[in-house]
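Here is a short report on one protein model.

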Amino acid sequence: MLKRQAQFAETIAHTAGEFFAREAGRESLITVTRAEVAPDLKNATIFISVLPEAAEAKALAFAKRERSALLNYIKGKSGIYRVPTLDVVIDYGEKNRRQVEEALGR
């Protein structure tokens with residue numbers, strides 16, 4: 001991953017985390033786990049985890065619905081001139097890690 005690409009991803013993940021902390025309702029906790037940015041910096045995927053898991057579908061629908069507001073928030077807060085097209089998905093890697101830890105009793 002290029003240095004600029006990694007910086008974009010980190011900035012987008014951090015700013016998206018702030019946005020969801022402010023805008024999401026009290027029914028669930030949406031946590032941004034990471035972001036991935038394409039090498040051409042035109043597309044970005046934001047990975048989230050949701051607690052409780054029963055609210056996952058509703059939280060993901062909210063996150064996808066609010067992408068334009070998120071884009072404007074990132075533009076205003078991050079200093080990124082040209083924000084990539086955003087997609088939001090559930091971070092199944094993080095979800096699987098949590099399940100393994102629970103199974104091991106940690």
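Buried means under 20% relative accessible area, exposed means over 50%, and partly exposed lies in between, with a 1.4 Å probe and protein chains only. Ser28 is buried, at a relative accessible area of 17%. The model is predicted: local features need pLDDT of at least 70, side-chain atom pairs count only at pLDDT 80 or more, and totals for chains, interfaces and linings use all residues. Residues are numbered from 1 along each chain as its sequence is written, and side-chain values use heavy atoms, with hydrogens and water left out.

**A buried loop residue**

Ser28 sits in the loop between α1 and β1. Helices (H or I, at least four residues) and strands (E, at least two) are DSSP runs, numbered from the N terminus. What does Ser28 touch, leaving aside its neighbours within four places in sequence? Ser28 is in contact (heavy atoms within 4.5 Å) with Val50, Leu51, Pro52, Ala55 and Ala59.

**Helix α2**

Ala59 belongs to the buried residues of helix α2 (residues 56–65), together with Glu56, Leu60, Phe62 and Ala63. These residues cover an arc of only 160° around the axis, so they lie on the same side of α2. The arc is that of the directions from the helix axis to the C-beta atoms. An α-helix has 3.6 residues a turn, so residues three or four places apart point the same way. Ala57, Lys58 and Arg65, on the other side of α2, are exposed. The buried residues of α2 pack against several elements, including α1 (3–23), α3 (67–78) and α4 (92–104). Strands β1 (29–37), β2 (43–51) and β3 (85–90) are also among their packing partners.

**The sheet**

Two strands pair if DSSP finds at least two bridges between them. β2 and β3 run parallel and are joined by 6 bridges. Ile46 has Val88 in β3 as its bridge partner.

**Salt bridges**

A salt bridge is a side-chain nitrogen of Lys or Arg within 4 Å of a carboxyl oxygen of Asp or Glu. By this rule the model has 5 salt bridges. The table lists some of them.

| Pair | Closest N and O atoms |
|---|---|
| Arg34 and Glu36 | 2.5 Å |
| Asp91 and Arg34 | 3.4 Å |

Asp91 lies in the loop between β3 and α4 and Arg34 in strand β1, so their pair ties together parts that are 57 residues apart in sequence. Asp91 is buried, at 6% relative accessibility. Arg34 is partly exposed at 34%, and Glu36 is partly exposed at 39%. Arg34, Glu36 and Asp91 are linked in a network of salt bridges.

The other tabled pair joins Asp87 in strand β3 to Lys64 in helix α2, 23 residues apart. Asp87 is partly exposed at 27% relative accessibility. Lys64 is partly exposed at 29%.
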